[in-house]
Amino acid sequence: MKLNIAAILMLSVCSLTTVSAKAADKQATDTASNVTSTCTGAYPSYFQDPAFNKTGMWDNQVIINQAYSGWKGPIFSLSDAYSSAQQDNAAPWLEFNPFDKSLSESEKNTQAWKYLWAVMKYIQEGNIDKGDISKDWDLCNNKVRSWYHIPYQTYDPMSGREFIHGLTREAPVTMEIKGQGDLKTTMWAVGFYNPQAANSISKVWTGAPSPVMPQQNFVFNEGSVIGKLLFTTATPNNYPFLENVPVWQANISASDFCECKNADGSACSFQQETEQCPRSVADVYLLQFDIAVRDSRSPVGWAYGTFVADGQFKAKEKNPWDRISPLGLMWGNDTPPATVGAAAFPQNPITGLKDSAVFQEVVGRLNEHTNAGHLGCNGRLNGPADNALSSCLSCHQTASVPDSTNNTPAIMYQFASYQEPGSGQCLTSPSALDLSIDQVYFKTFMCSASFVGPSNIVPVPKYAQGQKEWISTDFSLQLSISLTQWQEWQEDQDNLKKNIKVRVFEGTLPSR
């Protein structure tokens, strides 16, 4: 996969109009009358949610993300009743232990495969089989167990949740197609948190308008489970393995990752972003499904797994959400020796990785005609929606509470504003600095530990309380993003009091 941040042409779109006040009132009444709903309306459900118009969040913006007149499809509701989450005792994945160091390679892979599917079935319970794919993953009234979303992924116009399914825009992905060249695509995703995870989130997002900002490393409860659907703007015409997989409509910007550009090189305002990157309703295809489990048997306290669309191979699978195959499970970064770059360690990535189980049969099948089975640095686990120079844990262990400048550590050194040109992680001819970067970004950090390293690789944070190390959000980039976007909103509110009405996102989103 290659990242491409070049300017791109925008798609022409139909203008959107605001949901009528009557419709919004009816939706609020319906939610209020259903006492079992986990969707309380405490926080915006999506970018430009009309229920929050009076707060001024969307002032001086073109309305590009509200249901247009006559819209009859789903409208996303944020499941946010975190403090009412009840303990869930089901944990089917505990029947399997891929972390046991005494297992052979074959036994480890078998245990990992069964672990992944046990988690998947747990996540699916009560969330699918509605008889209509477009109605699946509506979390408000799950009759098996409650599931929740992270709030405040709604303030940034470029990535903010769309109104149909609550998908947020992720990084651009250039996919390779043998015989056809490269295709620029965009990923749109939504994550789900089980009751144990929600109970942890409730310590930050209490239902009050403002979060309780963590002053020390945040900890998710044992048994916390996170699932994340990732959809692509690519189609089966591009990638045949997308045949037969779930397809959603989503209100998205340009399929090849729209960017706002000013002629003078200055940062775009929110108004300019909504003008230059309008949205329209389009089909998106399920490409990837990520899972994460807080499991104390894992050496780092978490296990991260990835499933990939495999629609042709699994065409006869009755459940459309099961037309995916596990790519792998990981619980460490296989840190290289200090004198060896991560791109060259282990020497044989197929047999040498000890902190993960990667299913090479799936990798090979998906790579036969495209790079859809691509992994991370030297075979470490990462999906086709992710960066090939990183790994699941390499990115997630950077997750931190934003500091007073609304910044967090870069999820990849190459994404940092302070980087030395030409340096980075997972390089094939590493310099001394590159080797040091690999020692930080491919270190196996313990859960809920601060992301640390030399100051030229991991700058010291500027917290108001004076902490000298980054405050961990326990591998949760979404929690970090939510706090970053909330702080940006608070800063803009302060600017409005000073009669500064032009809004420019000045922080750094961890997803970039």
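Buried means under 20% relative accessible area, exposed over 50% and partly exposed in between, with a 1.4 Å probe and protein chains only. This is a predicted model, in which local features need pLDDT of at least 70, side-chain atom pairs count only at pLDDT 80 or more, and totals for chains, interfaces and linings use all residues. Residues are numbered from 1 along each chain as its sequence is written, and side-chain values use heavy atoms, with hydrogens and water left out.

Q: Is Cys392 buried or exposed?
A: Buried requires a relative accessible area under 20%. The value for Cys392 is 7%, so Cys392 is buried.

Q: How many disulfides are there?
A: A disulfide is counted when a pair of cysteine sulfur atoms lies within 2.5 Å. Cys377 and Cys426 are another, at 2.1 Å. By this rule the count is four.

Q: What is the handedness of the disulfide between Cys377 and Cys426?
A: Both Cys377 and Cys426 are buried. The torsion about their S-S bond is about 95 degrees, so this disulfide is right-handed.

Q: Which cysteine sulfur is closest to that of Cys447?
A: Cys447 is buried, with a relative accessible area of 11%. Its closest cysteine sulfur is 16 Å away, too far for a bond, and belongs to Cys392.

Q: Which residues have the most contacts inside the largest nonpolar core?
A: A nonpolar core is a set of buried Ala, Val, Leu, Ile, Met, Phe, Trp, Tyr and Cys residues joined through side-chain atoms within 4.5 Å. The largest has 120 residues, and those with the most contacts inside it are Trp205, Leu229 and Ile291.
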